[in-house]
Amino acid sequence: MSQSTQAINKALVLSAFDTLFNKRDYEAAERFWSPNYIQHSAHIEPGREGLFNLIKASPASLSYEAGVIVAEADFVLVHGRFSGTGLPRSWIAVDIVRIAKGVLVEHWDVLQDEATRAESKSGLPMFGDSFAE
């Protein structure tokens, strides 16, 4: 049985994010991101090079952990955590990417500082099943 387009796209995005954010293998990451990559994030300079330069300038401790991932048509949404950013708090992100011809071609995100247990009005963590404390 062949995989659905959605399953293939989810696997592609998870591999791309791991390759760039965790392994920091920029040469391999070029295979995942289009040279004409469109960046909508307010935190990242334009294009693939803007993204790569952001990661190159990030602390070696930067780590990405994927959580819930959803795919529909050419879009993949990933709820994840960026830790080790050098900032006081980890970032909880929803990254939205558009896939075309097997590469990431467009990106949007929503970022928020991760709340502590004391700050969580619901008493539940923003990511995963436990607080990062």
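Is Glu119 buried, partly exposed or exposed? I looked it up in what is a predicted model: Glu119 is partly exposed, with a relative accessible area of 39%.

**Entry 1, around Glu119.** I followed its side chain to Arg89, and the two form a salt bridge with the closest N and O atoms 2.6 Å apart. This pair links distant parts of the chain, since Arg89 sits in the loop between β3 and β4 and Glu119 in the segment after β5, 30 residues apart. Arg89 also counts as partly exposed, at 29% relative accessibility. Then I checked Ser120, which is in the segment after β5 (103-113). Ser120 is buried, at a relative accessible area of 14%, because the cut-off for buried is under 20%. Its side chain reaches the backbone oxygen of Leu124 at 2.8 Å.

Side chains of opposite charge can pair when their charged atoms come close. I get 5 salt bridges in the count. One of them joins Lys23 to Asp18, with 3.4 Å between the closest N and O atoms. Lys23 is exposed at 56% relative accessible area, whereas Asp18 is partly exposed at 29%. Another joins Arg98 and Glu106, whose closest N and O atoms are 2.8 Å apart. Here Arg98 is partly exposed at 25%, but Glu106 is buried at 12%. I also noted a network of salt bridges that links Glu65, Arg81 and Glu114.

Which residues have the most contacts inside the largest nonpolar core? I wrote down Phe17, Leu20, Phe21, Trp33, Leu51, Val76 and Leu104, in a core of 26 residues. The elements that each supply at least two of its residues include α1 (5-22), α3 (47-57), β2 (63-72) and β4 (91-100). The largest share, 6 residues, comes from α1. Among the residues it contacts are Leu12, Ala16 and Phe17, along with Phe32, Trp33 and Tyr37. Arg98, from the salt bridge with Glu106, is also in contact with Leu104.

Tyr26 and Phe52 make a tilted one, 6.0 Å centre to centre with 55 degrees between the planes. Tyr26 is in helix α2 and Phe52 in helix α3, 26 residues apart, and the pair links distant parts of the chain. Phe75 is partly exposed at 33%, and Trp108 is partly exposed at 28%.

What sits over the ring of Tyr26? I found the charged end of Lys56 there, 5.0 Å from the ring centre. Tyr26 also belongs to one aromatic cluster with Phe17, Phe21, Trp33, Tyr37, Phe52, Tyr64 and Phe82. Phe17, Phe21 and Trp33 were already on my list of residues with the most contacts inside the core.

Technical notes:
Residues numbered from 1 in each chain as written. Predicted model: local features only at pLDDT ≥ 70, side-chain atom pairs only at ≥ 80, totals over all residues. Heavy atoms only, no water. Core = buried A, V, L, I, M, F, W, Y, C linked by side-chain atoms within 4.5 Å. Buried < 20%, exposed > 50% of the residue type's maximum accessible area, 1.4 Å probe, protein only. Helix = DSSP H or I, 4+ residues; strand = E, 2+ residues; numbered from the N terminus. Contact = heavy atoms within 4.5 Å. Polar contact = N/O pair within 3.5 Å; in protein donor to acceptor, adjacent residues only side chain to side chain. Phe/Tyr/Trp six-rings, centres within 6.5 Å; stacked < 30°, edge-to-face > 60°. Lys NZ or Arg CZ within 6 Å of the ring centre and 35° of its normal. Salt bridge = Lys/Arg side-chain N within 4 Å of Asp/Glu carboxyl O. Lists of a residue's contacts leave out its neighbours within four places in sequence.
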